[in-house]
Structure formats: C-alpha cells, structure tokens
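Reader: I have the sequence and the model open, and I'd like to go through them with you. Could you take me through the packing and a few single residues?

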Amino acid sequence: MLPVTMPTLLGQHYPGSLRVVLVDDESSDGTAAVATALGGATAGSAAAGSPAGPPGRKPLVIRSGRRPPGWAGKVWAMRQGLQAAGEAEYVLFTDADITFEPDTLTALMRAAICDNRGLVSQLALLRAETGWERLIVPAFVYFFAQLYPFRRVNSPGARTAAAAGGCMLVRRRALAAAGGLDRIRAARIDDVALGRLLKSASVRCWLGLSTGIRSRRPYPRLADLWDMIARSAYTQLRYSPIALAGTIAGLLWIYVLPPVAAIGGLLGVAAGGGGQADVIAGAGLLSWAIMASTYVPVLRLYGLSSLRAVGLPLVAVLYAAMTVDSARRHRAGRGGEWKGRTVGA
C-alpha cells in the first residue's frame, strides 16, 4: 500500500508545518524499508530531526516497541506516533491504506479551526471494484450510518459519538484534557472509542463522508469482506449475547420482513386470498420501497445503480450471518482475528 498511499500525504498542499510519522508495528513485510525507500528517514538518523515541509518533506519512520499488557495494537501504535509527533497542535491519525486528495489536510484544518472542533473525522470511500465489493461495501457505510447517525454525532447535545479510523484529525490539547489515549488503551474499535472519549469531555466533534479520502485496500473475495466485518461486529456489541439477539432480530424485522410480506401477499392475491392478502402485499411493498429509498444515496456515492437498493434485504441477511459468525469466533477464542493476529475481549 505504501508506494500508493504515502506520497499522497507527503504531497499535501498544506502551507503550515507538517511532519508525517509512520509507525512500523512489528511488521514482517518490509514496511520500514519500503517507507525509507520512499524518502523516509529512520528514527535516530540526522534526517529524522530535520524540519518537515515541501519540497523535501520526508516521513519519520519509527519501529513500534513491544506492546504493553492491556493495550490494543492499533491504539498502541497511535500512542507511539503521537509521541513522535512532538509538539504538534493537531495530529491526523490515518491508516497505511488511505490516500488523500492534495488539499484534504488544509480543508480538515480549516474545518477544525473555524468551527472550533477538537475532532474532525471523515469516513474514507472504501474500494468497490469487484462484484463482492460492490455488493457488501456500500452497505457497510449504510449500516455504519444507521448505528451512528452523523447528525447526532455532530450535535453537541446528543450522546451518540463515533469517528472513522482512516481519517481522524485531533486537537492535541483536547485529547490531553480528555485523558489521552491511555483512557482507551484497551479499545478494539479505536475510532468509536476516541469519539466517545472526546465527546464525553464536551469536545466538539464532526464526522462526515468524503470522496477525496479513499481506502485502497482490496477485498476481492467474499471471504476477505467477511473477515473484515466479522473481526469487530461482536466487539461492537460489547460481547453481549442479548445485544446479538436484538441485532439479528432487528435486521430481520426491518430488512427481511418487508420483502417476505410483499412476496407472500402477492402470492396470496394470485391464489385468490382476498383483501387480507392485498393489505399484506401493499404494506410489504411500501416498506420495501421506503427501505430501498434510504439506501439509494449511498449507492450514488459509490457510482452504482439505484436498482441495487432492491437487494438490500439480501445484503442484510449476509450481515446478520457475519455478525453471528463474529460471536462464534469470539467463543472459539478467535475474536478480533486480523492479519494473523488474534486479540481477546
């Protein structure tokens, strides 16, 4: 990913002081070497201490120390990057698979300063090129927005809080006042935890969508997408069997019942079932149409046909199965399994 993504950070059209820090979290694929070949300076070298900025902007590459007990891997990497950032007033947390349009950082900073926001986060546009990606990925964004309605996240008076881990611009002083990353050190879903931490400290937060921030990570197979969702779905439910049952029941009730009622009612009408079948078919079709209409804006965001919205119930069934599988993996001791690592609750 780095040859594609890191140049978009180094090439930001940002007029202020900017340093890019890459944390190599015990990788075995030559991450540090690739970053250094892209112009990076390893920690401790003379170039590492040189001022950052165009045209000679270079990343600082640091190797992660061994993770202390009680720390989640992502948050531990964030903590080390934060320390390496020095006295920066704002810090942008991002992932190695994210690319940015050249003016993105300037726009983020403008939003943070002009609106007095301590956290400005944008949900990256995930890759949707293969058939499975086009089926599953837009629904990921859709269901995320159902769980964390952006208007409520952005409202200071609402308790709903969240962020998107691929792009989180944080004001350093606000984070410190809220207790720092130590407060969320065990968080398996770091972005939501960071949003909750800051909002609970009365920090003004903002979450939105963007087409200028993109994830380049491919998920070509259903198995890849399944793993991506199943690794954290049960964690999101706080490992609660009751929440799991409620979530599955809700998915089936909201997204599956309308088409079942519509099809069943229409079959009843065809069989001469009379007025009751008409009512069931009409209610099912109306509910199905309303549900599909709420999905259309996300499909348009990804440049996909609005007709795909009719298939949302099928995608909901897949998400229900992934959520159940996430709970099964947790009970089997494989909770949070990702890229060869397994973390517990």
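Author: Let me start with W253, which lies in helix α10 (residues 241-270), where helices (H or I, at least four residues) and strands (E, at least two) are DSSP runs numbered from the N terminus. This is a predicted model, in which local features need pLDDT of at least 70 and side-chain atom pairs count only at pLDDT 80 or more, while totals for chains, interfaces and linings use all residues. Residues are numbered from 1 along each chain as its sequence is written, and side-chain values use heavy atoms, with hydrogens and water left out.

Reader: Is W253 buried or exposed?

Author: W253 is exposed, with a relative accessible area of 62%; buried means under 20% relative accessible area, exposed over 50%, and partly exposed in between, with a 1.4 Å probe and protein chains only.

Reader: Changing topic, at what angle do α5 and α11 pack?

Author: Helix α5 (residues 131-147) and helix α11 (residues 275-301) pack at about 105°, and their axes are 9 Å apart. Axes are lines fitted to C-alpha atoms, for helices over the stretch in contact, and angles run from 0 to 180 degrees between N-to-C directions. That makes α5 roughly perpendicular to α11, given that angles of 65 to 115 degrees count as roughly perpendicular, under 35 as roughly parallel, over 145 as roughly antiparallel and the rest as oblique.

Reader: Which residues make the contact?

Author: On α5 they are L135, P138, A139, V141 and Y142, and on α11 they are M291, T294, Y295, V298 and L299, with contact meaning heavy atoms within 4.5 Å. Nine of these residues are nonpolar, one is polar and none is charged; Ala, Val, Leu, Ile, Met, Phe, Trp, Tyr, Cys and Pro count as nonpolar, Asp, Glu, Lys and Arg as charged, and the others, Gly among them, as polar.

Reader: Which residues touch the most other members in the largest nonpolar core?

Author: They are I136, F143, Y255, Y295 and Y302, in a core of 46 residues, where a nonpolar core is a set of buried Ala, Val, Leu, Ile, Met, Phe, Trp, Tyr and Cys residues joined through side-chain atoms within 4.5 Å. The elements giving two or more residues to this core are β6 (119-125), α5, α6 (150-154), α9, α10, α11 and α12, and α12 gives the most, with eight residues.

Reader: What does F143 touch?

Author: Leaving aside neighbours within four places in sequence, F143 is in contact with L251, Y255, L312, A316 and Y319. There is also a second, separate core of 24 residues, which includes W71, M78, L194 and L197.

Reader: Then α9: which of its residues are buried, and what covers them?

Author: In α9, D224, L225, M228, I229, A230, A233, Y234 and T235 are buried, and what covers them includes α5, α10 and α12 (312-331).

Reader: What follows α9?

Author: R238 follows α9 and is found in the loop between α9 and α10. R238 has a positive phi of about 60° although it is not a glycine, and at 59% relative accessibility it counts as exposed.

Reader: And where is S202?

Author: S202 lies in the loop between α8 (190-200) and β8 (205-215); its phi is positive, about 65°, although S202 is not a glycine, and at 67% relative accessibility S202 counts as exposed.
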